[in-house]
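Hi there,

Here is the structure I promised to send over. Please have it open while you read, and my notes follow below.

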Amino acid sequence: MRTFPTAFELTTDQMEQIIRRAGMAPSLHNSQPWRFRILPHLIELHADPKRRLPAADPEDRELRLACGAALFNLRLALEHAGIRAVVTLLPHLAAPTALAEVRSGGQAHPRPEDTRLYEAIAERHSHRQPFRSTSVSTEDRHLLMHAAHEEHAWLHVVQPGQHGTLEGLVHRAHRVQMANARFRAELDAWVGRTGDTTEGVPVSAAGPKPEPGDQWVHRDFTAGQAPRSPGTEFEAHPLLVVLCSRHGSREADLQAGQALQRLWLTATAQGLAASMISQVVEVRETREELRELLGGNVTPQALLRIGHGTPSVPSPRRNVEDMLVNGVAEPFQS
Ligand SMILES: Cc1cc2nc3c(=O)[nH]c(=O)nc-3n(C[C@H](O)[C@H](O)[C@H](O)COP(=O)(O)O)c2cc1C
């Protein structure tokens with residue numbers, strides 16, 4: 001008989017659902033670099049060293065963002081099951097892969113807005129198709145900014161006067177990455193997936209094949225398998241936001257990951273669609289220039305485009321059992 005571990009006296013079915021929800025978080029190339037160790041009184045979040053992406057993310061910053069996003073889902077799912085989640089971030093602990101631990105703080109009373117975010121977990125997908133021309137309302141912009149604040153991050157709404165500079169930085173970062181054979185090989189290994197797969201970006205979720213004339217460079221996730229339909233044009237004025245930390249540290253990355261997920265789920269709950277444009281924050285030089293563009297005293301963590309879109313396609317996830325740490329976690333070698 002199959003047994004799933006559990007914590008906090010929840011049923012094994014409840015715990016399986018909780019871990020499944022945690023694993024629905026976004027991650028670079030859908031690498032899903034998280035694992036969970038479930039003990040009776042504690043859930044540990046670990047990084048999965050086998051799922052590092054050293055060419056795109058040499059310092060594991062985006063790995064920590066993704067794990068932070070999974071941690072946010074875990075918090076929401078526990079609260080939904082009636083457990084108040086008390087989180088301790090462990091970015092420097094001796095246990096080599098542990099990033100956070102979650103204990104029970106007693107009975108949870110989720111706010112209605114958190115229940116809506118919980119319900120949005122399964123609806124949130126990366127939306128790589130063009131958006132409709134309707135702009136994002138001022139009320140929704142405020143909700144998005146508030147979501148980032150609630151998780152100790154800060155959201156910079158890119159002003160029309162900054163679009164040109166940002167566009168130049170994104171294109172430059174993209175060229176730098178595509179000139180790097182290691183980066184291209186790593187990307188190729190994770191994208192353009194067809195058929196049965198539990199990780200990576202499937203062709204069905206890839207969005208239109210990018211063209212040189214596109215204003216914002218979207219990554220080519222099609223692997224040459226999906227030609228662009230004639231006349232496909234991206235929206236002229238997406239809402240562009242930069243999620244920022246006050247400083248750069250491993251802990252700030254984990255915090256920013258939680259903010260990314262609260263922000264994205266808030267957008268989803270408001271009927272908005274989003275996708276990420278990460279080249280500019282992955283290439284060290286352009287990330288530094290973006291920081292200067294934003295005033296020089298914040299750490300840019302993620303660039304997102306947000307707008308109104310048609311429903312998008314989910315990407316696959318690993319089986320929940322594969323997300324568990326059994327026995328001793330292997331060391332993390334960066
Ligand atoms: C740190 C990070 C960086 C990402 N960068 C990009 C990106 O540059 N372009 C993109 O289309 N998606 C990007 N994504 C989205 C992932 O590809 C996506 O989350 C993953 O494929 C799973 O799909 P889903 O978001 O639909 O669940 C990024 C996600 C994370 C967490």
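His156 stands opposite Val242 in strand E8, where strands are DSSP runs of E with at least two residues and helices are DSSP runs of H or I with at least four, both numbered from the N terminus. Before going further, please note that this is a predicted model, in which local features need pLDDT of at least 70 and side-chain atom pairs count only at pLDDT 80 or more, while totals for chains, interfaces and linings use all residues. Residues are numbered from 1 along each chain as its sequence is written, and side-chain values use heavy atoms, with hydrogens and water left out.

Back to E8. Strand E5 (residues 154–157) and E8 are joined by 4 bridges and run antiparallel; two strands pair if DSSP finds at least two bridges between them. E8 is also linked to strand E10 (residues 299–307), again antiparallel, through 7 bridges. There, Ala302 of E10 is the bridge partner of Leu243.

How many of the residues of strand E8 (residues 239–245) are buried? The count is 7 of 7, with buried meaning under 20% relative accessible area, exposed over 50%, and partly exposed in between (1.4 Å probe, protein chains only). Leu239, Val241, Leu243 and Ser245 point one way from E8, whereas Leu240, Val242 and Cys244 point the other way, and all are buried. In general, side chains in a regular strand alternate between the two faces of the sheet.

Now for the protein as a whole. It contains 9 helices and 10 strands. Its radius of gyration, taken over C-alpha atoms, is 19 Å, close to the 20 Å that the globule rule (2.2 Å times the number of residues to the power 0.38) gives for 334 residues, so the protein is as compact as a globular protein of that length. The C-alpha trace spans about 55 × 40 × 35 Å along its principal axes. Of the 334 residues, 55% count as buried. If you take contacts (heavy atoms within 4.5 Å) between residues at least 6 apart in sequence, 75% of them join residues at least 24 apart.

A few single residues are also worth a look on your screen.

- Asp114 lies in helix H3 (residues 112–120). Asp114 counts as buried because its relative accessibility is 12%. Leaving aside residues up to four places away in sequence, Asp114 touches Leu76 and Arg262.
- Pro91 is in the loop between strand E3 (83–89) and strand E4 (98–107). With a relative accessibility of 12%, Pro91 counts as buried. Not counting residues up to four places away in sequence, Pro91 touches Leu99, Arg250, Glu251 and Leu254. The C-alpha atoms of Pro91 and Gln129 are separated by 36 Å, and these residues are 38 apart along the chain.
- Glu9 has a phi near 60°, a positive value in a residue other than glycine. Glu9 sits in the segment before helix H1 (12–22).
- Asn30 has a phi near 55°, also a positive value in a residue other than glycine. Asn30 belongs to the loop between H1 and strand E1 (34–39).

Most residues other than glycine have a negative phi. Are Glu9 and Asn30 buried or exposed? Glu9 is exposed, with a relative accessible area of 83%, whereas Asn30, at 5% relative accessibility, counts as buried.

Best wishes
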